[in-house]
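Hi everyone, and thanks for making time this morning. I'd like to walk you through a structure and some of the packing in it.

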Amino acid sequence: MRAKMDFELSKRQIELREEVRQFVHEHCARQRAREAEHAKEFREELWGRIVEKEWTGLTIPKEYGGKEESFVELLIIFEELSKGFFEANARLMTDLVFANHLIGTYGNEEQKRKFLPLIVHGNIHFGLGFTEPSGGTDLLSLLTTAFPDNGGYILNGTKMFCTLAHKADYLIILAITDKESRVTKKTKGLSLFLVPTNCEGLTIKRIETVGWGTIGTTEVHMEDVKVGREAVIGEANMAWGYLAESLNYERVGFAAMMVGIAEMMLDDVIQYVKKKKVANNVLGQSQIVQQIIGQITIDIESSRMLVYKGGHMIAREERADVISAMALSCAARVARDACVGGMNIVGEDLFCEELNIYDLMRHYMIVKPLAVVPFANEMRLMHIAESLGLGRSY
Amino acid sequence: VKIRESIHYELGEEQRAIKDTVQRFASIYLRPINREIGEDKTLWQDCIREMASLGILSVRIPHEYGGIGGDYITQISVIEEIALVSISIALATFCAHGVAQDAILKWGTKPQKELYLPLMCKGETLGAHTLNNLWERSETANIKFERSEHKTGWLLNGRSNAVLNASFADVFVVFSQGKEDTNLPFAFLIDRKRQGVKIDEPKAKPALYASGMGTLSFDDCFVNKEEALGTAKERSAMLSSISSIFRVYLSAVYIGLAQACLQVGVDYSKKREAFGRAICNYQAIQGLIADSSMEIELARTFLYRTGDTMSKEIPFEGQAMTIKRYSSELMVRIAENMFQIHGGYGFSDEFAIGHYMRDAAAASIIGGTLMLYREKAAQNILGLAEE
């Protein structure tokens, strides 16, 4: 008999959630978050505390010094930490979801011994180099190449929107290693490389963005960048399968963050409408407000269900492409609706710096990009449709 | 008042000529400096002077006060053209300065008009107002007037937030939010340099960088009788007419920005390739473009109908609320849809759409939210008294 359905977190998971909430409450001041976004800086002063909490080793196997928790625990951190320290989540995403997953699952023993303990101690950071000017949603139209040379490789190409590359020690670069095999299938002939950021021929330029200032994204240019054989993750030419898995995890991870931010925005708005009076009536008692808040609450809870179902499936190593597309499509929309719904409730008090709801505008530019990255929402919907047996529409 | 036999929305020759002038100014002068103008006050002021010299700041003002004597349709078409390039400048110049001009023109005394209007047309005196805080009854905005005990006049205390053009305005049309004493004047024209007036600009602006949005506060600011705008009796007529004009101007800004979003979305969809074709060839993209275009077309038609009603001096309060609600909603939707077309590049600083979308969200709640307008519309239709 199968285990019965269980929607509850375990006692330890609930404790972890409380711990992260407490952390955000104690250390992540609103004012500092606003300044950091405006100044476009990563709050490095807070990162050390994340390491102290040992969250940097959360999903890393015990034998490499980690805590070997499941993906569900990581989602709990993503959800709660997004309420105050969004850029830390982005770093946990590059270091744990990508680097740890790719190296830990497909890397050789030497790579694991070299990198995983450093991730646990928060002493090494990674940047992502998959998207190119030619396409993020159309990731497989990449042009970056890696040619064999003296037992190693020479890399050439340009990568766009390389999250956190400017703060990274290593970049995880996707490149073509076998052009011929890609003629029959575009997913073939690709390899992943761990490229040190101090390599000769590698330049990193920050891309100015509207929103996401604390995280920061970059353009990476590689001109005859030489790496050794040990830079390849797993087997050469097999990278698409590895990466596709990580990309599923990433989507669920971002979905968890959207649920967290949506909940925070909703809480801010609820606090506001409880206090605010309009013509002697408490605003929170008005029907229009209650209708918006009721709907957002349903939406947050339903997207959370998708997120944790996704986490559960990933923890059990089930295929997670469709659930991840569903979770992010839903959660990104919900976060947007919570934000815009909130703005419509608070009106021009949105511009009062002394109120927490002032952050709705900042959060708008944090959540809205999730409609287009990673992968445009259209793509998520088409992927779901394709999985139902409908033909490819693009 | 000229009564036309049928509804007629084509611009006349003169209106067309003014619109063309503004279009040229917007594309040749404003577009190249649009990015820096929010950070650079000198640039901002030069731009305003240039607009004034072309008559862009005085469309609605009669010739006798130095304006070009245009009607509301002309004004709306001018606002749209500026908003197509810079929503912030359009908000500051029309929704703040322009509304203050309209308020003085309609409710000011002859000396007030003679004092302010010619200078406001030239852009030497800039105006703003505190309308934004009236209908939301903000907890932090609470301007009150009381009779001064010592001198013949009144004392102002309190503050008003999210005042457009607060950074640059020389004169503020300030409305009372106290409802206790209806014998008191309801609004005043207050000089920026007056003692007790304080203007705070936000440390880190979240959006609308060049709109000069700020907080206006009064600490025992003394005003005399000559500075009162309108009388206590005119209170409700004045509030309803000025806020309606504000709503229509805001709507013109919204539709202008929506059009700007559609244009960049269309351009991008033709250039950008994915899976071997320009993305404009995909149904998912085409749908967004078709819907946006339809919505703008419908909204614009209603906007010009409202302008026509205004020019004919027929009551237009209901129409003003309808277009404000509809256009603010569609602007946000279209900005988001066009952002969607841009994919990851949408939030790259290099492309306009991320800026447009952020500004659209912020601008949509100026002058009252969707929620408020739904409520008011229902009250109107059902004949229920306002609370």
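Let's start with a pair of helices in chain A: α5(A) and α8(A) cross in the right-handed sense. Before I go further, please keep in mind that this is a predicted model. Helix α5(A) covers residues 86–106 and α8(A) covers residues 239–275, and their axes come within 10 Å and cross at roughly 155°. Angles over 145 degrees count as roughly antiparallel, and α5(A) and α8(A) are therefore roughly antiparallel to each other.

Who touches whom here? From α5(A) we have Phe86(A), Asn89(A), Met93(A), Val97(A), Phe98(A), His101(A), Leu102(A) and Tyr106(A). Among the residues they meet in α8(A) are Tyr242(A), Leu243(A), Glu245(A), Tyr249(A), Phe254(A), Met257(A), Met258(A) and Ile261(A). Sorted by class, this contact of α5(A) with α8(A) has 14 nonpolar, 4 polar and 2 charged residues.

Staying in chain A, here is another helix pair. The axes of α1(A), residues 11–27, and α4(A), residues 71–81, come within 9 Å and cross at roughly 25°. That makes α1(A) roughly parallel to α4(A), and their crossing is right-handed. On the α1(A) side, the contact is made by Gln13(A), Leu16(A), Arg17(A), Val20(A), Arg21(A), Phe23(A) and Val24(A). On the α4(A) side, you'll find Val72(A), Glu73(A), Ile76(A), Ile77(A), Glu80(A) and Leu81(A). The classes in the contact of α1(A) with α4(A) come out as 8 nonpolar, 1 polar and 4 charged.

Now for the strands of chain A. If you want a residue pair to find on screen, Leu155(A) has Val225(A) as its bridge partner in β7(A). Strand β7(A) also pairs with β6(A), residues 202–207, again in the antiparallel sense, over 6 bridges. There, Ile207(A) stands opposite Thr217(A).

One more backbone detail before we leave this chain: the peptide bond from Val373(A) to Pro374(A) is cis, with omega near -15°. Pro374(A) is found in the loop between α11 (359–367) and α12 (377–387) of chain A.

Let's move over to chain B. It has an open sheet of 4 strands in the order β1-β4-β5-β8, with mixed pairing. Strands β1 (127–129) and β8 (228–229) of chain B stand at the edges, each with a single partner strand, so one side of each is left without a neighbour in the sheet. For β8(B), look at its pairing with β5(B), residues 187–191, which is antiparallel over 2 bridges. Ala187(B) has Leu229(B) as its bridge partner in β8(B).

Chain B has a helix pair to show you as well. Helix α6(B), residues 235–271, and helix α9(B), residues 352–364, have axes that come within 10 Å and cross at roughly 155°. That makes α6(B) roughly antiparallel to α9(B), and this crossing is left-handed. The contact is made by Tyr254(B), Leu257(B), Ala260(B), Cys261(B) and Val264(B) of α6(B), together with Ile353(B), Tyr356(B), Ala360(B), Ala363(B) and Ser364(B) of α9(B). By class, the contact of α6(B) with α9(B) has 9 nonpolar, 1 polar and no charged residues.

Finally, how do the chains meet? The contact takes 54 residues from chain A and 48 residues from chain B. The area buried between the chains is about 4400 Å², and carbon and sulfur atoms give 64% of it.

Notes:
Residues are numbered from 1 along each chain as its sequence is written. Chains are lettered from A and ligands numbered from 1 in the order in which they are written. This is a predicted model: local features need pLDDT of at least 70, side-chain atom pairs count only at pLDDT 80 or more; totals for chains, interfaces and linings use all residues. Side-chain values use heavy atoms; hydrogens and water are left out. Two strands pair if DSSP finds at least two bridges between them. Axes are lines fitted to C-alpha atoms, for helices over the stretch in contact, and angles run from 0 to 180 degrees between N-to-C directions. Angles under 35 degrees count as roughly parallel, over 145 as roughly antiparallel, 65 to 115 as roughly perpendicular and the rest as oblique. A crossing is left-handed if the near helix is turned anticlockwise from the far one by less than a right angle, and right-handed if clockwise. Contact means heavy atoms within 4.5 Å. Ala, Val, Leu, Ile, Met, Phe, Trp, Tyr, Cys and Pro count as nonpolar, Asp, Glu, Lys and Arg as charged, and the others, Gly among them, as polar. Buried area is the accessible area (1.4 Å probe) that two parts lose on being put together, summed over both.
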